[in-house]
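Open the model in your viewer and keep the selection tool at hand. Each stop below says what to pick and what is there.

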Amino acid sequence: YAGIIRTTAGLTAAEMELSGIHHVLSGFPISESQDQELINIAECALMVIRAALARKESIGAHYIVECD
């Protein structure tokens, strides 16, 4: 969904899926650094997707199909 060629629908679907995953992961007790790392990865992915949704112009090779 968040590859080089993106669509608003794909980014929105990815945000919904990752938000759910992040919510589930955040509900588990953190027992090892690997657990926290997994939560951090989900948070970083959400930031990338939300930034892509907020940007309406193409940058470099990445673009949203509907915006060009």
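Select R6 and show its side chain: this side chain reaches the backbone oxygen of G3 at 2.7 Å. Bear in mind that the model is predicted.

Stay on R6 and colour by secondary structure. R6 sits in strand β1. What is the nearest side chain of opposite charge to R6? Pick E66: this side chain is 10 Å away. R6 is buried, yet has no salt bridge. A salt bridge needs a Lys or Arg side-chain nitrogen within 4 Å of an Asp or Glu carboxyl oxygen, so a gap of 10 Å rules E66 out.

Now show the contacts of R6. Leaving out residues up to four places away in sequence, R6 touches Y1, L11, A52, H62, Y63, I64, V65 and E66.

**Next stop: the salt bridge**

How many salt bridges does the structure hold? The count is 1. Select E15 and R50 to see the pair, with the closest N and O atoms 2.8 Å apart. The two partners link distant parts of the chain: E15 belongs to helix α1 and R50 to helix α2, 35 residues apart. Is R50 buried, exposed or partly exposed? R50 is partly exposed, at a relative accessible area of 42%.

**Next stop: helix α1**

Select residues 8–27, which make up α1. The helix has 20 residues. From first C-alpha to last, α1 reaches 29 Å, close to the 28 Å expected at 1.5 Å a residue.

Colour the buried residues of α1: G10, L11, A14, L18, H22 and L25. They cover an arc of only 90 degrees around the axis, which puts them on the same side of α1. Show what covers them; the cover includes β1, α2 and β2.

Pick one residue from each group. G10, in helix α1, is buried, with a relative accessible area of 9%. H23, also placed in helix α1, is exposed, with a relative accessible area of 62%. Draw a distance between their C-alpha atoms: G10 and H23 are 13 residues apart along the chain and separated by 20 Å.

**Last stop: helix α2**

Select residues 33–54, the 22 residues of α2. This helix reaches 31 Å from its first C-alpha to its last, close to the 32 Å expected at 1.5 Å a residue.

Which residues of α2 are buried? Colour I39, A42, L46, I49, A52 and L53. They cover an arc of only 150 degrees around the axis, which puts them on the same side of α2. Show their packing partners: β1 (5–6), α1 (8–27) and β2 (63–64). A52 is also one of the residues that R6 touches.

Conventions
Residues are numbered from 1 along each chain as its sequence is written. This is a predicted model: local features need pLDDT of at least 70, side-chain atom pairs count only at pLDDT 80 or more; totals for chains, interfaces and linings use all residues. Side-chain values use heavy atoms; hydrogens and water are left out. Helices (H or I, at least four residues) and strands (E, at least two) are DSSP runs, numbered from the N terminus. The expected span of a helix is 1.5 Å times one less than its number of residues. Buried means under 20% relative accessible area, exposed over 50%, partly exposed in between (1.4 Å probe, protein chains only). The arc is that of the directions from the helix axis to the C-beta atoms. Contact means heavy atoms within 4.5 Å. Lys and Arg count as positive and Asp and Glu as negative; His and the chain ends are not counted. A polar contact is a pair of N or O atoms within 3.5 Å; within protein, one must be able to donate a hydrogen and the other to accept it, and residues adjacent in sequence count only if both atoms are side-chain atoms.
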